[in-house]
Amino acid sequence: MEEQQLQSLTEEISETFFGLPFLHHISFNARLRTTGGRYLLRTHNIEINPHHYRKHGLESMIGTIKHELCHYHLHLQKRGYRHQDRDFQELLARVGGSRYCPDTGLRREVKTRYEYVCTACGQEYQRKRKIDLDRFGCGRCRGKIKLLRTFLQQDRN
Ligand SMILES: [Zn+2]
Ligand SMILES: [Zn+2]
């Protein structure tokens with residue numbers, strides 16, 4: 001979907017469901033990861049997560065646009081625009097917006113990492129895989145290495 005189409009779709013949803021015009025800008029932001037969209041209090045613009053749209057389809061995106069428009073209109077009217085506000089919850093239910101901005105599935109994968117230390121020189125190593133301690137020694141001094149700890153790390157994708 002082109003951004004121009006996204007803009008007209010949002011203007012249409014705003015008129016139809018809220019009876020009010022959407023006078024700001026909506027765009028795709030590929031850097032959004034954990035939400036389907038967001039409303040920016042400072043600029044009154046809305047951003048939509050394109051990964052979310054690709055994964056969950058148009059219906060879900062319309063739900064997200066309605067959700068963001070609830071923040072938008074209530075904020076401009078100086079009413080309760082936050083999730084916990086009664087105004088927000090009532091308006092959201094009335095227009096049939098998404099209850100929350102669902103996870104996009106792009107959360108980074110968490111993997112186990114291994115940290116080793118050389119018993120001779122104290123050099124530390126971080127590895128993605130377990131090292132066969134019988135076969136490999138310290139890269140610096142050939143000393144014996146031992147497992148110091150395991151920890152979790154988020155994978156970059
Ligand atoms: Zn929200
Ligand atoms: Zn060493």
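## Terms and model

Buried means under 20% relative accessible area, exposed means over 50%, and partly exposed lies in between, using a 1.4 Å probe and protein chains only. At 11% relative accessibility, His71 counts as buried.

This is a predicted model, where local features need pLDDT of at least 70, side-chain atom pairs count only at pLDDT 80 or more, and totals for chains, interfaces and linings use all residues. Residues are numbered from 1 along each chain as its sequence is written, chains are lettered from A and ligands numbered from 1 in the order in which they are written, and side-chain values use heavy atoms, with hydrogens and water left out.

## Two domains

The domain assignment gives domain 1 (3-95) and domain 2 (110-154). Such bounds come from an automatic or database assignment. The centres of domain 1 and domain 2, taken over C-alpha atoms, are 49 Å apart.

## The histidine zinc site

Which residues hold the zinc ion (ligand 1)? Its protein donors are His67 (NE2), His71 (NE2) and His83 (NE2), at 2.1 Å. Donors are N, O and S atoms within 2.8 Å of the metal (3.2 Å for Na, K and Ca); water is not among the atoms, so sites may look incomplete. Along the chain, the donors of ligand 1 follow the spacing H-x3-H-x11-H. His71 lies in helix 2 (residues 50-76) and His83 in the loop between helix 2 and helix 3 (86-95), so this pair ties together parts that are 12 residues apart in sequence. Helices (H or I, at least four residues) and strands (E, at least two) are DSSP runs, numbered from the N terminus.

His67 also lies in helix 2. His67 is buried, at 1% relative accessibility. His83 is partly exposed, at 44%. Beyond its neighbours within four places in sequence, His71 contacts Tyr39, Tyr81, His83 and Phe88; contact means heavy atoms within 4.5 Å. An unreviewed UniProt entry places the feature "binding site" at His67 and His71. UniProt positions use the numbering given here, feature names are shortened, and annotations may be inferred rather than shown by experiment.

## The cysteine zinc site

The zinc ion (ligand 2) is coordinated at 2.3 Å by Cys118 (SG), Cys121 (SG), Cys138 (SG) and Cys141 (SG). These donors follow the spacing C-x2-C-x16-C-x2-C. Cys118 lies in strand 4 (residues 110-118) and Cys141 in the loop between strand 5 (124-127) and strand 6 (145-154), so the pair ties together parts that are 23 residues apart in sequence.

The site of ligand 2 is tetrahedral, with angles of 100 to 117° among its four donor atoms. Four donors count as tetrahedral if all angles lie between 85 and 135 degrees. Cys118 is buried, at 3% relative accessible area. Cys141 is partly exposed, at 35%.

## Nonpolar cores

A nonpolar core is a set of buried Ala, Val, Leu, Ile, Met, Phe, Trp, Tyr and Cys residues joined through side-chain atoms within 4.5 Å. The largest has 21 residues, and Ile46, Ile48, Ile65 and Leu69 have the most contacts inside it. Helix 1 (3-18), strand 1 (26-28), strand 3 (46-48), helix 2 and helix 3 each supply at least two residues of this core. Helix 2 gives the most, with seven.

Key:
Tetrahedral: all angles 85-135°; square planar, octahedral: opposite > 155°, others 65-115°.
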